[in-house]
Structures are given as structure tokens and as C-alpha cells.
Amino acid sequence: MTEPKLEPDIQRISWGPQHPMSGQTRILLDTDGEKIHKIIADLGYTHRGIEKILENRTYFQGIVPIERMVMADTANIGISYITAIEKAAGIDVPERAQWIRSLVCEMARINTHLYAFGLQAESTGYFPAVFLWTTTDRTVLLDLLEELTGARWSYNFFLPGGVQKDFPEGFEDKIIKGVNYLRDRFQEYWDAMVENYTFEIRTKDVAYLSAEDAVRLGATGPVLRGSGVSIDMRKESPYAAYEDLDWKIITEKEGDCLARTKVRYKEIGQALNIMEQVASEIPEGPIKTRVSPFLRIPKNEVYSRVETGRGEIGIHLFTDGKDKPYRVKINSPTLRNMYVFERMAELTYMTMADMVVVINSIDPWYLDSDR
Amino acid sequence: MWTFLSINSKPLLQITLIPGLAFILVFAIFAVWFERKFLARAMLRVGPYYCGKRSGLLQVFADFLKLFLKEIIIPDDVNKWFFSAMPVLASTIPALALILIPCDKNWVLWDIGSLSLPMFFAIAGLAPLIPIFAGWASNNKYSFIGAWRVAYMYISAEIPLVLCGAAIAIMAGSFDLVKIVEMQKNMWFALPQFIGFIIFFIGVIIEAERTPFDIPVAEVELVFGWRTEFSGIFFGFTMMAEYVMFQAWTLLFITLYLGGYNGPVLFGNVIASHIFWLIAKMLAVVVFIILLRCVFPRLKMNQMLNLGWKYLTPLALLNLVFVLAMKVMGVA
């Protein structure tokens, strides 16, 4: 990347990739004392060419590398590719499989929101108490996932045409038990962190993003909903069983970092509701339709949109009759939100201390943006 | 002239034991250990576990040894003299302030009578200069920002602290720390000067750079603030400096507001029980301040300045006026 010219009396700080909070990216900050004038994001440190890798894999093999985009959120990333394949090939999925998919997706969503929640706490200078709480409490979910899918992370559980395994015996009761435990814990998070006065003054009115700006700059996910725009791919273009489930889109009007944190917090509550519904109302039936592993899809072009923990992911899939995709283009949520983050310094007053809070409020995952 | 070196001499005991070297080192070891072990409980962890049989006490020594044996890296572009001198000075200058603290009427290492309280503020006022020089000498942008954060923060904290000290001196009628403590035989100054007590307590947290005022070393923002470039034992010294400042200000806080060494006589020995009460009070305050770390996020610089100039300074002035009025009316 060529660095833009420096204005006079401005100091440029290279924030990352070697910084305790930066992750695998570099962000150039043009600062005047504490105030930040300009943010330049230098992405691409973890580019692995996933789009190109997918062109060299059969449709079934491609499920494995694409889930590596976001490790905390593998189910939601995986289902985006799988719904694209199913759309292109016209595969029907049994209803029970759709419900199981919704369950695993919501568990992954809680998992990734917990991570974002912990990092948001740490970015305000909470010594990592909340971060370690969230990491400990997600064990409940990982245990459930392990029992259902066989893996705690990166389960490759979804296949075109359904899911790999049905519920083990007595799994529904375990879900209810886990949900009840997490409900209690989340009440503690609310009391200890979101209601904490110091946390509130650190995040309230920081990086205000109006609804118009959020739409204009292409924000997505909790950033968009935190600005009061009610868009969620689970309602816009329903996939899995979200049409049959009873849940609502969470929005907050304030548009600041606190609102984004609250959106995540309340979405976890909705996800717990969905888990409970799936455990009690899941229909009986087969869990997959038979699809050949050497699946060939005739010439077609589809676009699938899925709501991940960070926002909308779009998979643009071109097929040409072979057993491998002709081209896959991934529109990732972190990249879209990073454009918003770059504009934040111009839209609002931001200091060095705010910067960390703001970047964690968009919940970046650089493997996602770099692909 | 060298009589103080005889084994029975009081100055030697004072320098080596209390309030001297052993006092500082044991305090630092305790504070690091307590912070690690008990904050871990708040975070659903166990903390250091294997080194020192589950209590994790030996981990502190192991880490000290590691810091001591590590290579000291002096970057190319730094000002070498300043860079090497500052970590050492950072832990020694606040330690100088400790020698003014009375552990008993007859147990003051540097008894300068009515100059002791101003001298404490003078020595402690030197301390923030060290981070500023260190940040400048490091030739690092994070260190530099951290250094200026130190400057802003200490100025806004020390003015209310000095005003509170003045109120105490007016009430006691003396700047002598021993006399101030002796005045509190019957009633701690925390009761008549409750506003000053609260302000001074906040000031102590600011001076010790503890959460929520650990702004100059804010890890998630500035890597490690003015201490970013130090490695090995230099880093160890800067860590030490934090704890020495913490200890010095806590001791002054106890001396001014919580009755200093006063307390019921134990063990039938007046000096020993006085020293016991001083340490007990210090540990109580220190534990309270350390535990704040799992409750509060960090404040921003502008919020910190707001607190210092808009709230602490006017309230400290109010406290001073209040004490003056009490003195004029002859209540105190």
C-alpha cells in the first residue's frame, strides 16, 4: 500500500500489526496529540486466496476452506456457501435439517457475539474479566456442539442437501439446560458491564453513526442495526428455518458504540429463544436428501445472502457444468464495516482512546475481510 | 560518623527493614502476588498455580529472575543516557519519599520536623518528570503520547492533593507528619475532613496509576505507554516504580487521614504495635485499590481532566475553606 502524504503538524502512528489490540492488520492513524484526523486501514495481511482455492475444490471439498474465514462463526459462513450451491443446483432440503441448521447457526452466533462482547469490554480497559467470563461460558455451547457435530470448532456439519447427523438421544433437554444457564449468566453481564457507569461514559455518544450514513457507507450487521436500520438477512432472504421460527430483529436508535454492544447483547437473547424453540418444536423427518459427492452443476449464476455474526455475507457463485465452481466472489461483512470505520474520524470527534473502542464495536475479523 | 552501621543502630534497621528496602520489596512482592491470584478469582481463573505449590507465590520470584536475566535491549535511535538512567531513577525517587513516613514517634528515618509534609510533596512531585523524560528518550510515538498523558494527569491530580494536605496542616497546626499523626490519637482526620478524605483517596489512585486511572500505560491503546521500549531489568524497574509510588502515596494517605501508626497497643511493645498498625492499614487500603481493577473500565484522558479540574480541585478548595472556618470558630 502506498501511504498517503502527511499533512503538516500531524503525526502518523502505525497501529498494528504488532499491537496488543490490533489483530492481524495495520491501521494508520493521523493524530494531532490525542485527536485522530484520519484513519487509513491497511488490510490484506492475512490474504489466503480463499476465493481462488474454492475454484480448485469440488463443491463438497470447498466447505472446509471457506469455513476458515471466521473460526468463531464457522456455521454461518459455511451455510452461506451451501445455500449458494443448493440454489444453483436446485436441491431441496428436508425441514428437520433446516431446523437443525438454524440451531447450529444460532449457537455459532452466540459464540461470536460473546467474543465481540468480551473484546468490547477489554477495549474500554476492563481488565479482561468480562473477556474471560465470555470465554468460559461459551464452553457450554462448545460442549453442545461437540455432542451434536463431533467438533468444538470448525465442524463442517452442513452438507448440500441437509446436515450430517441427527440429534443424539436426550439432546433437546441438554439444550434447554444450557440455555437456562446462559440466561442467568447474561443477566450478570448486563449488570456488571453494560449497566456499569464507567463503561457507559466510555461508549455512549462515541462514534455516532446516523442511519443515513450507515446506509450510504454500506454498514452491515450490528453496526447497521445499532443505527436503527432494521435489516437482517434472516428476514430479508430467509434461509434455513428462520421463516418458521418466532424471533424479531433487534435495533437500537442511538447509533453509538453502546448501541452496537446492546444490539449484540439482545441478539444473544433472541438466539437463546431460537435455541429453545428448536429444542421444543423441531419437526420429525429425514435430515438429508441424497446428493452425489461428485455434484456437477449446470451453467448458472446465483447470489446467496446470509446473516453472520458480523453482518451480511454475500456469495456470488458462477457454475459452468463442471464439478468445481467457475468463480466464487465473497462479499464479506468485515470489509464493508471497515469502510465505515475509515470514515468515522471524519464523521465524529475521535481520540486515541476512542479508537480502540470504535474498532471493536464493529467487531472486525481480519481473516474475514482479507479472505 | 559510621556508628549507624553497627548492628544495633536504629538507622541501619530503618534503612534495611522499615520503612527501607525490605519494606518496599516485600510490599511489591505481596502486591504483585495478590493482584495475580485474587483478580484471577474474579475472572474465573486460578492464577499462578504450579510455582510455589498452588499459592503461586514463587512465581513472583521466578518472574523477577527472568526479568533480571533477560537481555537489555537499547534501541538504536534512543538517547542512551536518559534511556538507561530513567528506569533506575523511576523506582528510587519515589522510594525517597518513603523515608519521611513516621512509623512511630521515635521511628522516623529522616526527621526534618515541620518540613516533612512539604518535602514529601516535593519529592513525589519529581516523580512524574521521570516518565516524561523516559518517554522522550525512548523515541517512540506510543512512549511519547504516554509521557504527555502522565504530565496532564499528574498536574490535575497533584493540585487537589496539595490543597488537601494544606487543609490537614491547618487542622493539625503543623506541617510535621509526626505531629499530624499524634493529633489523630483520639479521632482520625477522615471524619472531620470527609471531603478531603475522598479526594485524597482518588488522588492516591491517580498517582499510583491504578485502574480506572491507568491512562498513561493503557495497554489496549498505547501498547505500554511510556514503558513500551524498556526490556529486561529496565522494565522490572519501571514495574517497581509503579509499586513504590503506590506504597508511598498510600502511606501518606494513612498518615494524613487514617491515624497513621495509631492503634491499640499489641504484643506489649509500643513501637512494634505501631509498625503493625501502619502495615495493616496500608494493606487494607492497597487491597481495596487493587480490587477496583475488576470493577472499573479505564477513563479517557478528557474525562480524567474533567474530574481533576471540575470536581476534585473545587471540592478541595471547599474543603480548605471549611477547615479554615472550623479553625476560626475554634471547633477544631
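Trainee: In which sense do β2(A) and strand β3 of chain A pair, and over how many bridges?

Mentor: In this predicted model, strand β3 of chain A covers residues 35-42. β2(A) pairs with β3(A) in the antiparallel sense, and the number of bridges is seven.

Trainee: Which residue in the hairpin of β2(A) and β3(A) takes a positive phi?

Mentor: The hairpin has two residues between the strands. A positive phi near 65 degrees is found there at A:G33.

Trainee: Which residue in β2(A) is the bridge partner of A:I13?

Mentor: Strand β1 (residues 11-15) of chain A runs antiparallel to strand β2 (residues 26-32) of chain A, and five bridges join them. Within β2(A), the bridge partner of A:I13 is A:L29.

Trainee: How many residues of the side of chain A that touches chain B are nonpolar?

Mentor: The contact takes 26 residues from chain A and 23 residues from chain B. On the chain A side, β1, α4 (95-123), α5 (129-149), α7 (197-203) and α13 (352-361) each supply at least two residues. That side has three charged residues and nine polar ones, and its nonpolar residues number 14.

Trainee: Why do the buried residues of α6(B) line one face of the helix?

Mentor: Helix α6 of chain B spans residues 129-138, and its buried residues are B:I130, B:P131, B:A134, B:G135, B:A137 and B:S138. They line one face because, seen down the axis of α6(B), they fall within an arc of 165 degrees.

Conventions: Residues numbered from 1 in each chain as written. Chains lettered and ligands numbered in written order. Predicted model: local features only at pLDDT ≥ 70, side-chain atom pairs only at ≥ 80, totals over all residues. Buried ≥ 20, exposed ≤ 12 C-beta atoms within 10 Å, placed from the backbone. Helix = DSSP H or I, 4+ residues; strand = E, 2+ residues; numbered from the N terminus. Arc of directions from axis to C-beta. Pairing = 2+ DSSP bridges. Contact = placed C-beta atoms within 7 Å. Nonpolar A, V, L, I, M, F, W, Y, C, P; charged D, E, K, R; others polar.
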